[in-house]
Amino acid sequence: MHISYLKGFLIVLLVALATSVLAHESRQVGPYRIVIGFLYNPAFAGFPNSLDLRVTEGDKPAEGLEKTLIVEIIAPNGEAFQVDLRPAHRQPGYYRGWFIPGVSGNYVWRVRGKIGDLEINETFSKFFHSKEAVLDPREYTVPKGR
């Protein structure tokens, strides 16, 4: 019985990890791998969330990018918000930028500036696994609509 419980737990854990990885877009830009998405998935309108950004060159983390990159999230209405890019605590090459998405819908990340000597201006729009990048929390509230 104990082994059965452990197997079930491991399966749930693997599915959760796979889902979080699928909720990020990964792209090679020059020698750098950029992986970007929301820190918390699914994302809900009105609830705090963060940029989840990782940049590597091969297996080496790219550090100091909070000084050289500008990252914006663009709302469904086209309004852009520049996140305050910060290194993730004790995770070289990982960055956060906190904000609250105001409405449900599809959002876009725009990353521009420099990584090393490479000028970049990249747009990411395939970083979510739900029907929209940010969901309406009323659709997932019990009782409905409250």
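In what order do the four strands of the open sheet line up? The order is S7-S6-S10-S11, with antiparallel pairing.

## The model

This is a predicted model, where local features need pLDDT of at least 70, side-chain atom pairs count only at pLDDT 80 or more, and totals for chains, interfaces and linings use all residues. Residues are numbered from 1 along each chain as its sequence is written, and side-chain values use heavy atoms, leaving out hydrogens and water.

## The sheet

Strands here are DSSP runs (E, at least two residues), numbered from the N terminus, and two of them pair if DSSP finds at least two bridges between them. At the edges sit S7 (80-82) and S11 (118-124), each pairing on one side only. S6 (residues 69-74) is joined to S7 by three bridges, and Glu72 stands opposite Gln82 in S7.

## Around Arg27

Glu122 lies in strand S11. Its side chain makes a polar contact with that of Arg27 at 2.7 Å (N or O atoms within 3.5 Å, one able to donate a hydrogen and the other to accept it; residues adjacent in sequence count only if both atoms are side-chain atoms).

## The aromatic cluster

Phe38, Phe99, Trp109 and Phe127 form one aromatic cluster. Ring centres must lie within 6.5 Å to pair; planes under 30 degrees apart are stacked, over 60 edge-to-face, the rest tilted. Phe38 and Phe99 make a tilted pair, 5.9 Å centre to centre with 40° between the planes. Phe38 is in S2 and Phe99 in S9, so the pair ties together parts 61 residues apart in sequence.

Phe38 and Phe127 are both buried (under 20% relative accessible area, 1.4 Å probe, protein chains only).

Definitions and conventions: Phe/Tyr/Trp six-rings, centres within 6.5 Å; stacked < 30°, edge-to-face > 60°. Buried < 20%, exposed > 50% of the residue type's maximum accessible area, 1.4 Å probe, protein only.
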